[in-house]
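User: Got a model here and I'd like to go through its charged pairs. Can you take a look?
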Amino acid sequence: MPLADFAAGLTRSDAWRQGENEMGEVPILEIDGQRLTQSAAILLYLARREGRYGGATDDEQQDVLRWLFFDNHKFTSYFATYRFMKSFAGTPPEPALMAWFKGRIDNAFGIVDKHLAGREFIVGSAPTIADLSLAGYQFFPVDESGIDVATQYPAIAAWRERLKTALPGWKPPYELLPGEQVPPRW
């Protein structure tokens with residue numbers, strides 16, 4: 001499958017929804033004749049398939065699932081929307097809406113920061129797909145969101161540094177992804 005030109009709106013087209021993903025989103029993973037969508041579902045599939053990063057015990061596996069849901073509903077969803085509106089939206093965002101999102105971000109990040117205080121990873125003693133999911137937007141430049149995680153959330157900042165060395169082949173997003181960084185607009 002070719003790379004999706006997300007910024008140009010390809011994923012919002014009827015053709016994309018009919019031919020690629022009815023939800024109009026990326027990522028999509030094609031593997032063994034299957035097309036998988038939704039990042040948490042893809043991560044769960046890969047963890048089961050590879051037999052790692054899914055949690056070492058039944059309790060850890062349950063906790064991984066709990067953090068995947070928290071990430072998708074609160075942690076990354078608010079931050080990703082805020083970052084998009086600040087840096088990539090076609091019109092300046094409404095200040096009241098941005099303040100509301102910032103409050104939600106502060107709450108979710110505060111929960112994760114407190115959880116990570118005194119522990120190395122989200123679940124257990126090694127990285128899991130919960131770490132991968134929660135870290136998905138954590139390595140983009142500060143100017144894209146205006147949120148200085150390193151200053152505001154020290155436990156998250158330390159966790160991000162641990163992930164860089166704990167995950168084989170780790171690279172910053174703009175070295176890993178195709179294309180170039182788009183400067184923030186607003």
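User: Arg49 first. How exposed is it?
Analyst: Arg49 is partly exposed, at 39% relative accessible area. The scale runs like this: buried is under 20%, exposed is over 50%, and partly exposed lies in between (1.4 Å probe, protein chains only). Bear in mind that this is a predicted model: local features need pLDDT of at least 70, side-chain atom pairs count only at pLDDT 80 or more, and totals for chains, interfaces and linings use all residues. Residues are numbered from 1 along each chain as its sequence is written, and side-chain values use heavy atoms, with hydrogens and water left out.

User: What does Arg49 pair with?
Analyst: Asp32. They form a salt bridge, with the closest N and O atoms 2.3 Å apart. Arg49 sits in helix H2 (residues 39-50), and Asp32 in the loop between strand E1 (28-31) and strand E2 (34-37). That links distant parts of the chain, 17 residues apart. Helices (H or I, at least four residues) and strands (E, at least two) are DSSP runs, numbered from the N terminus.

User: What counts as a salt bridge, and how many are there?
Analyst: A side-chain nitrogen of Lys or Arg within 4 Å of a carboxyl oxygen of Asp or Glu. By this rule there are 7 salt bridges.

User: Is Asp32 buried or exposed?
Analyst: Exposed, at 59% relative accessibility.

User: Switching to H2 itself. Which of its residues are buried?
Analyst: Ala40, Ile42, Leu43, Tyr45 and Ala47 are buried. Their cover includes E1, E2, H3 and H5, where contact means heavy atoms within 4.5 Å.

User: What follows H2?
Analyst: Gly51, with a positive phi near 70°.

User: Now Arg83. Which residue does its side chain meet?
Analyst: Glu144, in a salt bridge of 2.6 Å, N to O. This pair also links distant parts of the chain, 61 residues apart. Arg83 is in helix H3 (residues 58-87), and Glu144 is in the loop between helix H5 (129-134) and helix H6 (149-152).

User: Are those two buried or exposed?
Analyst: Arg83 counts as buried at 9%. Glu144 is buried too, at 0% relative accessible area.

User: Last one. Where do Lys164 and Glu161 lie?
Analyst: Both are in helix H7 (residues 154-166), 3 residues apart, about one turn of the helix. Lys164 is partly exposed at 31%, and Glu161 is partly exposed at 43%.
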